[in-house]
Amino acid sequence: MRQPQIIDRSRDQQFMRLALELAAQGAAMGEVPVGAVVVQHGQVIGRGFNCPISGSDPSAHAEMVAIRAAAQAASNYRLPGSTLYVTLEPCSMCAGLIVHSRISRVVYGALEPKAGVVQSQGQFFTQGFLNHRVMFEGGVLAQECGAILSEFFKARRAKA
């Protein structure tokens, strides 16, 4: 029987702030500002920010980059017991990767009403066909996570 995971809200906010710093790095490169970190046993083992434009890689979402780095650090394609912190609700591609990498928990900031599949467009992690269950929580530092995106797109529109 699995032990219930104890949730530490201040720790969640601490790691989300790190994800926000990564999102800002992406924004500085002209990428949509989304940041992500993977934490296992209290240690950050993977970091990433969106870089599909600079990397010419449509799969280079923040979650994808952070999970790839975490798998390399852990020398394992599965990351049981880990938590992914991401500033924006994951899309379907990233949600699939989260399940396949066996991440235990996802904590996200802002909702993604058009493409988010955790809560906004389909509740992916609750689907019966999945062979792995992911705990999830949204809204952690949601205002800050949403603000960095809003500011980025406002500046982009002003340039156009």
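Predicted model: local features only at pLDDT ≥ 70, side-chain atom pairs only at ≥ 80, totals over all residues.
1. Why look at E63? In an unreviewed UniProt entry, the annotation "active site" covers E63. As that comes from the record, treat it as an annotation that may be inferred rather than shown by experiment.

2. Is E63 buried or exposed? Its relative accessibility is 4%, so E63 counts as buried, the cut-off for that class being under 20%. Leaving aside residues up to four places away in sequence, E63 touches A36, L84, V86, L88, P90, C91 and C94.

3. Now for the wider setting. The unreviewed UniProt entry also carries the annotation "domain: CMP/dCMP-type deaminase", covering residues 10-119. This span is 37% helix and 24% strand, and its end C-alpha atoms lie 23 Å apart.

4. Next, a backbone detail to look for. Most residues other than glycine have a negative phi. R102 is not a glycine, yet has a positive phi of about 65°. You will find R102 in the loop between α3 (92-100) and β4 (105-110). With a relative accessible area of 16%, R102 is buried.

5. Q123 is also worth a look: although not a glycine, Q123 has a positive phi of about 50°. Where does Q123 sit? Its place is in the loop between β4 and β5, the latter covering residues 135-137. Q123 has a relative accessible area of 36%, so it is partly exposed.

Note on methods
Residues numbered from 1 in each chain as written. Heavy atoms only, no water. Buried < 20%, exposed > 50% of the residue type's maximum accessible area, 1.4 Å probe, protein only. Contact = heavy atoms within 4.5 Å. Helix = DSSP H or I, 4+ residues; strand = E, 2+ residues; numbered from the N terminus.
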